[in-house]
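Here is a short briefing for a first look at this structure. Keep the 3D view open while you read.

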Amino acid sequence: MSSHREAPEISKDPVADSSDLYAFVSPDNPDTVTLIANYVPLQGPASGPNFYEFGDDVLYEIHIDNNGDGKPDVTYQFSFTTTVSDPSTFLYNTGPITSLTSSSWNRKQTYTVTRLDSRGRSTELGRNLACPPCNIGPLSTPDYPALAQAAVHSIGPGRSVFAGQRAEGFYVDLGSIFDLGDLRPFANLHNTFNIPGLTLNAGPGVNNTDNVNVHSIAIQVPKSELTHEGWTGTAVDNPCAVIGVWTTASRRKVRILGSSPGEETETGPYVQVSRLGNPLFNEVIVPMAEKDEWNGRTPDGDSKYAARVEHPELAGLLPVLYPGVFPNLAAFNTSGAARADLAAVLLTGIPAGVVSGFQNYTGKVQADMLRLNTAIAPSSSPNILGVVGGDLAGFPNGRRVSDDVVTIELRAIAGVTLPLVDSAFTADGAASVVTDGLLPSSVGNGYLSTFPYLGVPYSGFNAP
């Protein structure tokens, strides 16, 4: 979660594993949109001597659809190059790293950013841009925030980019959710399946993604570079205001291992091996036998998964896991009716008229994309429950780094959004309170108020 190790094959390939995607109007620069794609999930900070990095053999991309066909109209490509300064040492660094050009830093990584458009035009926005090192400890990286800030690069008017290690900002109680949905705050209500001697007691949530790092690709660009025909208006109901966003990672089609140890060659076209749009889509919607296939597909073919969205497995499980707690949801499930609310949130965007003053509808093409209405200004008082909490600038209107997407999606699946499209349905009381029990304060290294927004990575020396 939200897409960490979510499919069998990609769980074996962490440098290509897209773990989280964010898209939001930048609160400190509201004429721009910030896009953040995280990779290499669940990094233990104390990971020497081989610290984490992007893959030189992976093509990372962030795609934007601005005309509702589920195909990219704008793509930002990121390709990385690693350089070893001193091949005679086993060390990542041989002294304090005090700058991005420090001679004591032995394994530096740089990258190129290229923008593609639907007309086939390719524009290189930056080359040989430096990544920061990993946060090793007080001797090796004595002023890490300064190193990270030096790795924020300007790549043209209104554009900033960063690629490097960050603190994991996604908070989730993985241990409870994958123990048959045993949400700790409501564990006393959970079905014990008549297991002898087992008693479940309610308690606070546990953030299993605290004290781990990720590698982030973050880019901030003017809205006009993303929207249809460069639209920059303020009319929320204008279709040109809405963009769809997803990220992918691709590898060369052929990998040949040489006869000498460590020798290998990669060739052929790139083949997509990972993708991510909405949080938790592949995680909890797509069945296990189809997860690897989903990672290789493009969003315009996602009508294949519509039935899974309209009849989600988790919605059917909740009344079983929590007997008597979700009677209205159980009755709705028995009726066989489709979840039009979830189909709108995840596959088409929410049309105008469903939520007052809001829409992020991209059209009839069903596609898993993170949809952002760029005309909605950042909130002065953000609510971590986003649109469900009355904050139209939050998920599922894009996704901000602190949005509580686990609680939002749990409540949506439990039925809290169903009355928006079915006035005959009354959500169970539990639907509006179900949660895994975590808040942004559960993140040890908190968020930044400015780009790149995710916090300083956890130090290897200080790792528990």
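Pro 452 sits in the segment after helix H9 (405-414). A cis peptide bond joins Phe 451 to Pro 452, with omega at about 10°. The model is predicted. The points below take up backbone geometry, salt bridges, the cavity and the surface.

**Backbone geometry**

- Gly 48 and Pro 49 are also joined by a cis peptide bond, with an omega of about 5°.
- Pro 49 lies in the loop between strand S2 (32-43) and strand S3 (58-65).
- Arg 5 is not a glycine, yet its phi is positive, at about 55°. Look for Arg 5 in the segment before strand S1 (18-25).
- Leu 280 has a positive phi of about 75°, and Leu 280 is not a glycine either.
- The loop between strand S11 (264-276) and helix H3 (281-284) holds Leu 280.
- Leu 280 has a relative accessible area of 5%, so it counts as buried.

**Salt bridges**

- Side chains of opposite charge can pair when their charged atoms come close.
- The whole structure has 17 salt bridges.
- One of them joins the side chains of Arg 115 and Glu 225, at 3.7 Å from N to O.
- This pair links distant parts of the chain, as its residues are 110 apart. Arg 115 is in strand S5 (residues 107-117), while Glu 225 is in the loop between S9 and strand S10 (242-257).
- Are Arg 115 and Glu 225 buried or exposed? Arg 115 is buried because its relative accessibility is 17%, under the 20% cut-off. Glu 225 is buried too, with a relative accessible area of 13%.
- Asp 117 and Arg 121 meet through their side chains in a salt bridge of 2.6 Å, N to O.
- Within that pair, Asp 117 is buried at 15% relative accessible area, whereas Arg 121 is partly exposed at 47%.
- Glu 264 and Arg 255 form a salt bridge as well, with 2.9 Å from N to O.
- Here Glu 264 is partly exposed, with a relative accessible area of 36%. Arg 255 is exposed, because its value of 54% is over the 50% cut-off.
- A network of salt bridges links Asp 13, Asp 57 and Arg 251.

**The cavity**

- Rolling a probe the size of a water molecule over the atoms shows where empty space is left.
- How many cavities of 30 Å³ or more does the structure hold? It holds one.
- By class, the lining of the largest cavity comprises eight nonpolar, three polar and two charged residues.

**Surface and interior**

- Leu 180, Phe 193, Ile 195 and Leu 198 make a nonpolar surface patch of about 360 Å².
- Leu 180 belongs to the loop between helix H2 (174-177) and strand S9 (213-222).
- Leu 180 is exposed, because its relative accessible area is 52%, over the 50% cut-off.
- Ala 167, in strand S8 (residues 160-167), has a relative accessible area of 1% and is therefore buried.
- The C-alpha atoms of Ala 167 and Lys 12 are 22 Å from each other, and the two residues are 155 apart along the chain.

Technical notes: Residues are numbered from 1 along each chain as its sequence is written. This is a predicted model: local features need pLDDT of at least 70, side-chain atom pairs count only at pLDDT 80 or more; totals for chains, interfaces and linings use all residues. Side-chain values use heavy atoms; hydrogens and water are left out. Patches are made of residues with over 30% relative accessible area and no salt bridge: like charges are joined within 9 Å, nonpolar side chains (Val, Leu, Ile, Met, Phe, Trp, Tyr) within 5 Å. Accessible areas come from the Shrake-Rupley method with a 1.4 Å probe; for residues, only the protein chains shown count as cover. A salt bridge is a side-chain nitrogen of Lys or Arg within 4 Å of a carboxyl oxygen of Asp or Glu. Helices (H or I, at least four residues) and strands (E, at least two) are DSSP runs, numbered from the N terminus. Buried means under 20% relative accessible area, exposed over 50%, partly exposed in between (1.4 Å probe, protein chains only). On a 1 Å grid over the protein atoms alone, a cavity is a set of points where a 1.4 Å probe fits but cannot get out, and a pocket is an open set with protein on both sides within 12 Å along at least five of seven lines; lining residues have an atom within 4 Å of a point. Grid points are joined across faces, edges and corners, and a volume is the space filled by probe spheres set on the points. Ala, Val, Leu, Ile, Met, Phe, Trp, Tyr, Cys and Pro count as nonpolar, Asp, Glu, Lys and Arg as charged, and the others, Gly among them, as polar.
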